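My entries follow in the order in which I looked.

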Amino acid sequence: MSKQYISASKVAQFLYCPFTFELAAAGYEPQEPFVPVVASGTAFHTAFNYMWMGLPAEDAAEAAIAATEIATGAEMSEEDRLSVINRLRAIPDWLLAAKDVEVKIECEVDDVVIVGFLDAITEDKVVELKAVSRQKNELPPTYMIQAQIYMYATRLPQTTFVMIDSKGGLRTFD
């Protein structure tokens with residue numbers, strides 16, 4: 001039997017709410033060619049990678065926004081561009097000193113391979129970077145499930161979530 005691959009976020013979705021997982025598997029997830037909030041988040045994560053490689057925030061934002069606009073075929077609004085820069089300026093220095101970023105993990109359980117991309121790894125923890133529209137008082141359950149999968153796959157004892165809103169407000173959850 002061949003191996004089946006599934007993302008860590010889909011496993012979390014299934015464990016949290018099997019019904020929404022089934023709807024998504026049946027093709028009932030919204031499919032839009034361009035969703036501004038997704039494009040902004042993609043540009044932010046790309047720019048974070050550029051900053052980790054040493055580019056200043058403004059240069060990283062400019063390069064990531066250009067790449068995102070080419071990939072989506074749509075121009076980002078000024079508000080979305082500003083949110084990318086605000087978020088980048090809020091990234092803590094300790095996160096820019098991470099051991100590695102955009103790390104692919106694969107965790108095999110019988111004939112199922114759970115695949116995910118970690119935003120960053122430090123010496124002792126997994127770090128997930130979240131571009132949020134508004135700050136949360138607690139982590140959504142799917143994030144906590146995903147954190148457990150990542151800690152299991154990496155053998156690291158902790159996951160830290162760094163949430164940054166469009167104005168640069170930052171909140172961390174361990």
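**Overall build.** Along the principal axes, the C-alpha trace spans about 50 × 40 × 35 Å.

I note that this is a predicted model, where local features need pLDDT of at least 70, side-chain atom pairs count only at pLDDT 80 or more, and totals for chains, interfaces and linings use all residues. Residues are numbered from 1 along each chain as its sequence is written, and side-chain values use heavy atoms, with hydrogens and water left out.

**Elements.** I find 7 helices and 6 strands, which are DSSP runs numbered from the N terminus (helices H or I, at least four residues; strands E, at least two). Along the sequence the pattern reads β-α-α-α-α-α-α-β-β-β-α-β-β.

Of the 174 residues, 43% are buried (under 20% relative accessible area, with exposed over 50% and partly exposed in between; 1.4 Å probe, protein chains only). I took contact as heavy atoms within 4.5 Å. Among contacts between residues at least 6 apart in sequence, 64% join residues at least 24 apart.

**Second largest pocket.** I looked up its volume, which is about 210 Å³; a volume is the space filled by probe spheres set on grid points joined across faces, edges and corners. A pocket is an open set of points on a 1 Å grid over the protein atoms alone, where a 1.4 Å probe fits, with protein on both sides within 12 Å along at least five of seven lines; lining residues have an atom within 4 Å of a point. The lining holds 13 residues, and Glu79, Asp80, Ser83, Arg87 and Ser166 lie nearest the centre. Helix H3 (36-52), helix H5 (78-90) and strand S4 (126-132) each give two or more residues to this lining. H5 gives the most, with 6 residues.

**Asn49.** Leaving out residues up to four places away in sequence, Asn49 touches Val101 and Glu102.

**Phe117.** I located Phe117 in strand S3 (residues 112-121). Phe117 is partly exposed, with a relative accessible area of 41%. Beyond residues up to four places away in sequence, Phe117 touches Glu102, Val103, Lys104, Glu128 and Tyr150.
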